[in-house]
Amino acid sequence: MASQQPFTADDFGIYYVLTECTDHYDPFPVNEADENQPHFQGVTGLQNLGNTCYMNAILQCLCSISPLVEYFLSGKYITALQKDCSEVATAFAYVMTDMWLGDSDCVSPEILWSAFGKLYPAFMKKMQQDAQEFLIYILNELHETLKKYHRRRSYEKRSIPRFCRKMIANESSIITRLFEGQLNYSIICLKCENCTYKNEVFTVLSLPIPSKYECSLQDCLQCFFQQDTLTWNNQIYCSFCETKQETAVKANISKAPKIIVFHLKRFDILGTMKRKLRTDIHYPLTNLDLTPYICPVFRKHPKYNLCAVVNHFGDLDGGHYTAFCKNSVTHAWYNFDDTRVSEIPDTSVQTTTAYLLFYSCQPFSIPIQKRKS
């Protein structure tokens, strides 16, 4: 997906958080009061079609993001659909409509699962998949289906430092407008000290976990953004020295997305050895400060609030995904475990099983439906 120009202001707000559960252990058992509670918009369970909890958790997260929900419920997506590639986006809209406007406490995502599986057969095998990979695939597919092309501009503001300049986008979609950010890497040759810059767009930031036992999200961010020295086999070619040299590389965010998704790298594979890091990572529900990592020119929205969490229970070869979401209608947090949905207190959102964290720089409002003529 291409990067794009600064976003225009939206009316939308930020609050949703996803829930957690496991096939063998339920930290939030459903009681009789929960079963009898009224059905609210966007508080809908999803049927498990056979090891599809990874998909259900991601869909709950995406269906908790009001600007995305409104885009589909209002019918705006229809005018943006590209020919011959609309099945996934249309199915996504159907599922989202069922979750927000339907009367049932639980719906089936089979129409989306089937359409997605035609393009990516690996996801049709009813085997456990990585939720982060599914998120990247579904966002990319929606972008490709809904993208619009724009003329490239041949200028940049000269007052902006070269190392902070953004790539000029030639295509955009609701996905890039919400989820796409840009990293800028400064690359310094340690022999001649020549400095070059490289831009890279992202929709998910994969963060290293610097401790086995306990750390904070800020610790993970500092580890990701710290300067790294590339030596030996990792040396980079220097055009001035005309040979590979030891290099210092440092990244910052030159475009911060409205919705930033952090992937906590809990799955570690070293050769034939596999392990899951069960580090207790402390992450804030509000006011996550990204100021130290954003290029000063673009620190428009440096603080973010948590809006969704995907949890993973179990090991690499098996396990279960759940989600936490904060609903924009009730402003309450809910635990989504496939068909089971229960309200949870804010204090339960912080868990040791967090795998994906969704943060937003703006608050979410209730999605507006398509007006009847």
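**Note on the predicted model: strands, sheet, cores and aromatic pairs**

1. In this predicted model, strands β19 and β20 form a hairpin with six residues between them. Within that turn, His331 has a positive phi of about 60 degrees. The two strands run antiparallel and are joined by four bridges. β20 covers residues 333-337, and its Trp333 stands opposite Lys326.

2. On its other pairing, β19 forms a hairpin with β18, with two residues between them. Here eight bridges join the strands, which again run antiparallel. β18 spans residues 303-315, and Val309 stands opposite Phe324 of β19.

3. The cysteine pair Cys61 and Cys325 deserves a remark. The sulfur of Cys61 has its closest cysteine sulfur in Cys325, at 5.2 Å, which is too far for a bond. A disulfide would require the two sulfur atoms to lie within 2.5 Å. Cys325 is accordingly in no disulfide, and the count for the structure is zero. Both side chains lie in the interior by accessibility: Cys61 is buried at 0% relative accessibility, and Cys325 is buried with a relative accessible area of 2%.

4. A separate point concerns the open sheet of four strands, ordered β6-β5-β12-β9 with antiparallel pairing. Strands β6 (195-202) and β9 (228-230) stand at the edges and have a single partner strand each, so one side of each is left without a neighbour in the sheet. From one strand to the next, the twist averages 30 degrees.

5. Within this sheet, β5 (residues 181-189) and β12 (residues 247-255) are joined by eight bridges and run antiparallel. Cys189 stands opposite Thr247 in β12. Helix α9 (residues 217-225) packs on the sheet and touches both β5 and β12. The direction of α9 makes about 125 degrees with that of β12.

6. Which residues have the most contacts inside the largest nonpolar core? They are Leu68, Phe72, Phe179 and Phe358, in a core of 58 residues. Helix α5 gives the most to this core, with nine residues. Leaving aside residues up to four places away in sequence, Phe358 touches a set of residues that includes Cys61, Ile65, Leu135, Ile259, Asn305 and Val310. Cys61, discussed above for its sulfur distance to Cys325, is thus also listed among the contacts of Phe358.

7. The structure holds 17 aromatic pairs. In one of these, the rings of Tyr54 and Phe134 have centres 5.6 Å apart and planes at 80 degrees, so the pair is edge-to-face. This pair links distant parts of the chain, with Tyr54 in helix α2 (residues 53-62) and Phe134 in helix α7 (residues 131-146), 80 residues apart. Tyr54 counts as buried at 1% relative accessibility, and Phe134 is buried with a relative accessible area of 0%.

8. Phe123 and Tyr137 form a further edge-to-face pair, at 5.6 Å centre to centre and with 75 degrees between the planes. Phe123 lies in the loop between α6 (110-119) and α7, and Tyr137 lies in helix α7, 14 residues apart. Are these two residues buried or partly exposed? Phe123 counts as buried at 6% relative accessibility, whereas Tyr137 is partly exposed, with a relative accessible area of 35%.

9. The residues of both pairs belong to a cluster in which ring pairs link Tyr54, Phe116, Tyr120, Phe123, Phe134 and Tyr137. Phe116 is also one of the buried residues of helix α6, together with Leu112, Trp113, Ala115 and Gly117. The elements that cover these buried residues include α2, α5 (87-101) and α7.

Definitions and conventions:
Residues numbered from 1 in each chain as written. Predicted model: local features only at pLDDT ≥ 70, side-chain atom pairs only at ≥ 80, totals over all residues. Heavy atoms only, no water. Phe/Tyr/Trp six-rings, centres within 6.5 Å; stacked < 30°, edge-to-face > 60°. Buried < 20%, exposed > 50% of the residue type's maximum accessible area, 1.4 Å probe, protein only. Pairing = 2+ DSSP bridges. Axes fitted to C-alpha atoms, helices over the stretch in contact; angles between N-to-C directions. Contact = heavy atoms within 4.5 Å. Core = buried A, V, L, I, M, F, W, Y, C linked by side-chain atoms within 4.5 Å.
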